[in-house]
Amino acid sequence: PTLLPIALVGEPILRQTAITVHHFDAELVHLAEQMSASMDAANGVGIAAPQVHSPLALFIMASRPNERYPDAPNMAPVVVVNPQIINASSELVSGEEGCLSVPGQRFTIQRHQAIEVRYQNLQGEWQQTELTGFIARIFQHEFDHLQGITLLERSL
Ligand SMILES: O=C(NO)N[C@@H](Cc1ccccc1)C(=O)O
Ligand SMILES: [Zn+2]
């Protein structure tokens, strides 16, 4: 897969609300592959479609320890399509976040400690699960991107 250029904060695409995915086809799979390759090349643990100039409601979470996040838990990469946050804990937790669209900077951001989420996979099958801790943090960060929100708007 080719590496896609990553939009930097200030580009209009990052301020738009993403559009619902209706066609679970080979093109969607190809976009997910390109996003994954672009995320890996940047040592990311997540990436949202608007960051590679695609308006679709799609992101990837792929937490694994790397030089940018040495304490990140190991998880198999997950492609998340048309996500919903169904419930969120009242408990908030502060933590460090980076964003591939704000290179070289870290921000202290409050997130819900636990969230109940629902989303479709690349085959269009609905999944529902509870996420906690750093994985919940990544989901909330990527979900924000699909609403046109970056961590600059959430930074403490
Ligand atoms: O910019 C993105 N995703 O949009 N990538 C972030 C994802 C992230 C989210 C939350 C906490 C840490 C890291 C990255 O630094 O890999
Ligand atoms: Zn980001």
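Asn43 is found in the loop between α1 and β1 (46–48), where helices (H or I, at least four residues) and strands (E, at least two) are DSSP runs numbered from the N terminus. The model is predicted, so that local features need pLDDT of at least 70 and side-chain atom pairs count only at pLDDT 80 or more, while totals for chains, interfaces and linings use all residues. Residues are numbered from 1 along each chain as its sequence is written, chains are lettered from A and ligands numbered from 1 in the order in which they are written, and side-chain values use heavy atoms, with hydrogens and water left out.

Phi of Asn43 is near 55 degrees, a positive value in a residue other than glycine. Most residues other than glycine have a negative phi. Asn43 has a relative accessible area of 26% and is therefore partly exposed; buried means under 20% relative accessible area, exposed over 50%, and partly exposed in between (1.4 Å probe, protein chains only). A positive phi, near 60 degrees, is also found for His53, in the loop between β1 and β2. His53 is partly exposed, with a relative accessible area of 39%.

The zinc ion (ligand 2) is coordinated by Cys99 through SG and by His141 and His145 through NE2, at 2.1 to 2.4 Å. Donors are N, O and S atoms within 2.8 Å of the metal (3.2 Å for Na, K and Ca), and sites may look incomplete because water is not among the atoms. The spacing of the donor residues in sequence is C-x41-H-x3-H. Cys99, in the loop between β4 (92–97) and β5 (107–112), and His141, in helix α2 (residues 133–145), are 42 residues apart, and the pair links distant parts of the chain. Both Cys99 and His141 are buried. His145 is likewise found in helix α2 and is buried, with a relative accessible area of 1%. Not counting residues up to four places away in sequence, His145 touches Leu14, Gln16, Ala48, Pro50, Gln51, Cys99 and Thr150, a contact being heavy atoms within 4.5 Å.

Ligand 1 is surrounded by 16 residues, of which the closest are Gln51, Arg68, Tyr69, Leu100 and Glu142; a residue is near a molecule or strand if one of its heavy atoms lies within 4 Å of it. An oxygen atom of ligand 1 is 2.8 Å from a polar backbone atom of Val45, and a nitrogen atom of the ligand is 3.0 Å from a polar backbone atom of Gly46. An N or O atom in the side chain of Arg68 is 2.7 Å from an oxygen atom of ligand 1. On its own, ligand 1 has 390 Å² of accessible area, and the protein covers 100% of this. Accessible areas come from the Shrake-Rupley method with a 1.4 Å probe; for residues, only the protein chains shown count as cover.

Glu97 lies in strand β4 and counts as buried, at 4% relative accessibility. The side chains of Glu97 and Arg137 are joined by a polar contact of 2.7 Å. A polar contact is a pair of N or O atoms within 3.5 Å; within protein, one must be able to donate a hydrogen and the other to accept it, and residues adjacent in sequence count only if both atoms are side-chain atoms. Leaving aside neighbours within four places in sequence, the residues in contact with Glu97 include Tyr69, Arg137 and the zinc ligand His141.

The largest nonpolar core has 20 residues, and those with the most contacts inside it are Phe59, Met61, Leu131 and Phe139. Such a core is a set of buried Ala, Val, Leu, Ile, Met, Phe, Trp, Tyr and Cys residues joined through side-chain atoms within 4.5 Å. At least two residues of this core are supplied by each of β2 (58–61), β6 (114–120) and α2, and α2 gives the most, with 5 residues. A second, separate core of 15 residues includes Ile47, Val52, Leu58 and Val81. Among the residues that Phe59 touches, not counting those up to four places away in sequence, are Met35, Ile47, Val79, Phe139 and Phe143.

Thr20, in the segment before α1 (26–41), is partly exposed, with a relative accessible area of 47%. Beyond four places in sequence, Thr20 touches Ala57 and Asn82. Thr20 and Pro83 are 63 residues apart in sequence and 9.3 Å apart in space, C-alpha to C-alpha.
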